[in-house]
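My entries follow in the order I made them.

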Amino acid sequence: MTNRCLLRLTILLCLAGAALSVNYGVLRFQQQNSTSACQRLLRQLIRSPQHCLDDTKDFQIPEEVKQPCQVQKKEAMVVMHEMLQQIFSLFWRNFSSTGWNETIVENFLQKLHWQMDRLEEAMQEGEVPSESRTMLRLKIYYLGIVRYLKAKSYSRCAWTVVQVEILKNFSFLNGLIDALRD
Amino acid sequence: MPWTGRAVAMRLASLCLMVHAGPALRAPQTWPESSNESCIFRLTLRDFRPILSWELKNRSIMPTHYTLWHTDMSGSNVPLELVPECANTTRASCDLTRHWRSLTEMYLPRLVGSRGGATLVDCEGSIFPDTDMILEPPEFEISGFEDHINVTLKFPPALPKLQPGEGLWLHLSLSIEEESEGIVKQHLLQIGEHTTGNFTYVIDKLAPNTNYCVSVYLKGNFLSNSQQSPWKCTRLPPRPDSEALALAAVQGLVVLFLTVAVLGSTLAILRQVGYICLRSKVPKVLNFHGMAIWAFPEWPPLEAVAVAEVIQVHRKRRVWDYSYGDESDGDEEADPRASAGAYTMHGLAARPLCPGSPSSATPGAGEEAESLMAPGPGPWPAERSGGAYEGTGNWGAERPGGAYEGQGSWGAGPEEEGGAWPADPFPKGDSGPTESPGDRIFFNVDLNSVLVRVPDGEDSGAPAGFGPLEETGGLEDPEDSTPGPEEAPCGECDTSPSNARLGDGYMMR
């Protein structure tokens, strides 16, 4: 009797574990679709960047983000979440004075938020790795963008340069999504 | 010095060339303030080479020559650079393989169109390859076999030589789709530095004798930027085994059909013969449903039939000694009743009722209780009447009282002392008993089916037909004065002949 109960409980736990485990295939599909959609919306916001050549700046994104190599899945998810969060806060706080198309911006922020939620759900499974040097560099990178905008007084060309830089960020996110492949 | 003079001449010539080609080749110092987007730029990856093409929005402007400049927003303050391959070109496109090497860079092209030295158009644009570049599918051919398809992809013989990690094709994959009967399967191939020349990919595990269509396209981050190639279809040849299987299947079907046909015909024949599924159907001629009543004649009224009473007579059988001598009354007396209505297994003897006539045992004949039954109408002669029969033929008839002498319908044999032959119910005309006893013909008559008609108005000597054989009983006709059974007239009986009748009409059994 006791053995039977233990056996059934074990089977139940295994099934529950299988059901609740992260499906990286689905997560990768979701992240790719959301990233592509955000990139398209952001591309629509960029107008005449050729007139802002004097305001261009190399923000020096970390190389391990630009070209991820042998990144663990958990670490890739943490980095992705940080990038999405920084981008969301960058546009959420300061876009009102830019004169951009509000519909495009709202859709852009909505998709960012949804993408972060999916990532947070997947990150709840298992342990979250502690902050690494990559995370520190990443935070410094986005801080530099914010300081640039402040220095340029959030001018149109400054925002154009930032938009182009964030557009590159989404291309790097695609590389991190590939790290979620089984 | 001669070479010194030549050098000066060359410098002067180049200076003149620059003066004349100034508007086209001189790098613009500044970008115009106003955005001039009168050109539509399009970047296409063709054979792993980024090709920038352009189209003027104002089609009325028709430059004859184009010059392309470009820069990017990498932040390195890259000045506007001339693309030498596309300087003063007449084509409306430019190969930027060696200039545009990163997918994640914002490139800024600038186009100057001129005609006869005059600048007709000066436009610029922005291209981000990761989102704006269109991926053209490579050329390919297919060849179908029994269970697989060879897809031969035509790649350029060599990739552009760039720095490691550079090239717009590095992060792309090639998708090969096979479609059959509405089902599409995808095969992904990673493109790398070794993807050069003609490359053959095998799609295996396919079904023979089936149509398959193949299409290829390059897959990037944005599926909408991929151009899918037209479908190329082929039908795989059937396997030789499949033909044999098909032939065997056809043969099996034929055998099955023949078997079913034979069984079905056999069952039909048996049913028709009636060996199985016997029909309980009444023939049509006997089906009187719905037939009009007039089709059936009325039954003839039943004739009045005198009641016949069977009287059991126990008497001894008399054996006829073939004597046609005198009819001795004594013998008769001895055996009136015994012979009355005697019925032996040899024939039918009609004996009227002879009252008082004792039943005498015929020597040689066993006592037997006999009952005399009158035959029915129909096949029996009409002259037959109730009572004893006496034929003129070979049959001997005992004539006790009450015996009937007809016209010959019944043969009456000679009496005998010892016995009497039963009367012949089937007379043979008027011929008398001329034949020897040995030639007599005996008939077995079922009294149950014999009817005797009592003629109307006949008197006396005619016996009333069959009469009961028993002494105790006899035919009674209350209307007639015919005496009772015991008093029934009997021609040869001791008793006086009487006019007793058994009734008119037919006496039915």
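**Entry 1: a charged pair in chain A**

I began with Glu64(A), which counts as partly exposed at 25% relative accessibility. For this I take buried as under 20% relative accessible area, exposed as over 50% and partly exposed as in between, with a 1.4 Å probe and protein chains only. I then looked up the partner, Arg137(A), which forms a salt bridge with Glu64(A). Their closest N and O atoms are 3.0 Å apart. My cut-off for a salt bridge is a side-chain nitrogen of Lys or Arg within 4 Å of a carboxyl oxygen of Asp or Glu. Arg137(A) lies in helix α6 (residues 133-151) of chain A and Glu64(A) in helix α3 (residues 63-66) of chain A, so the pair ties together parts 73 residues apart in sequence. Helices here are DSSP runs of H or I with at least four residues, strands are runs of E with at least two, and both are numbered from the N terminus. Arg137(A) is also partly exposed, at a relative accessible area of 38%.

**Entry 2: ground rules**

I note that the model is predicted, that local features need pLDDT of at least 70 and side-chain atom pairs pLDDT 80 or more, while totals for chains, interfaces and linings use all residues. Residues are numbered from 1 along each chain as its sequence is written, chains are lettered from A and ligands numbered from 1 in the order in which they are written, and side-chain values use heavy atoms, with hydrogens and water left out.

**Entry 3: the interface of chains A and B**

How many residues of each chain are in contact? I find 28 residues of chain B in contact with 21 residues of chain A, where contact means heavy atoms within 4.5 Å. The area buried between the two chains is about 1900 Å². Buried area is the accessible area (1.4 Å probe) that two parts lose on being put together, summed over both. Carbon and sulfur atoms give 56% of that area.

I counted four residue pairs in polar contact between chain B and chain A, both residues at pLDDT 80 or more. A polar contact is a pair of N or O atoms within 3.5 Å; within protein, one must be able to donate a hydrogen and the other to accept it, and residues adjacent in sequence count only if both atoms are side-chain atoms. On the side of chain B that touches chain A, the elements giving two or more residues are β3 (65-72) and α3 (129-132) of chain B. The largest share, three residues, comes from α3(B). By class, this side of chain B has eight nonpolar, 13 polar and seven charged residues. Ala, Val, Leu, Ile, Met, Phe, Trp, Tyr, Cys and Pro count as nonpolar, Asp, Glu, Lys and Arg as charged, and the others, Gly among them, as polar.

The whole structure has eleven salt bridges over all chains. Two salt bridges are counted between chain B and chain A. One of them pairs Glu105(B) with Lys168(A), the closest N and O atoms being 3.1 Å apart. The pair crosses from the loop between β5 (93-95) and β6 (107-115) of chain B to helix α7 (residues 156-178) of chain A. Are these two residues buried or exposed? Both Glu105(B) and Lys168(A) are buried.

Arg46(B) sits in strand β1 (residues 39-46) and Glu136(B) in the loop between β8 (134-135) and β9 (139-144), 90 residues apart. Arg46(B) is partly exposed, at 40% relative accessibility.

**Entry 4: disulfides**

I find four disulfides over all chains, each a pair of cysteine sulfur atoms within 2.5 Å.

- Cys39(B) is joined to Cys123(B), S to S 1.5 Å. The link is left-handed, with -90 degrees about the S-S bond. Cys39(B) is in strand β1 and Cys123(B) in strand β7 (residues 118-124), 84 residues apart. Cys39(B) is buried at 6% relative accessibility, and Cys123(B) is buried at 0%.
- Cys86(B) is joined to Cys94(B), S to S 1.4 Å. This link is right-handed, with 100 degrees about the S-S bond. Cys86(B) is buried at 0%, and Cys94(B) is buried at 1%.
- Cys213(B) and Cys233(B) have sulfur atoms 1.9 Å apart. Their link is right-handed, with 105 degrees about the S-S bond.
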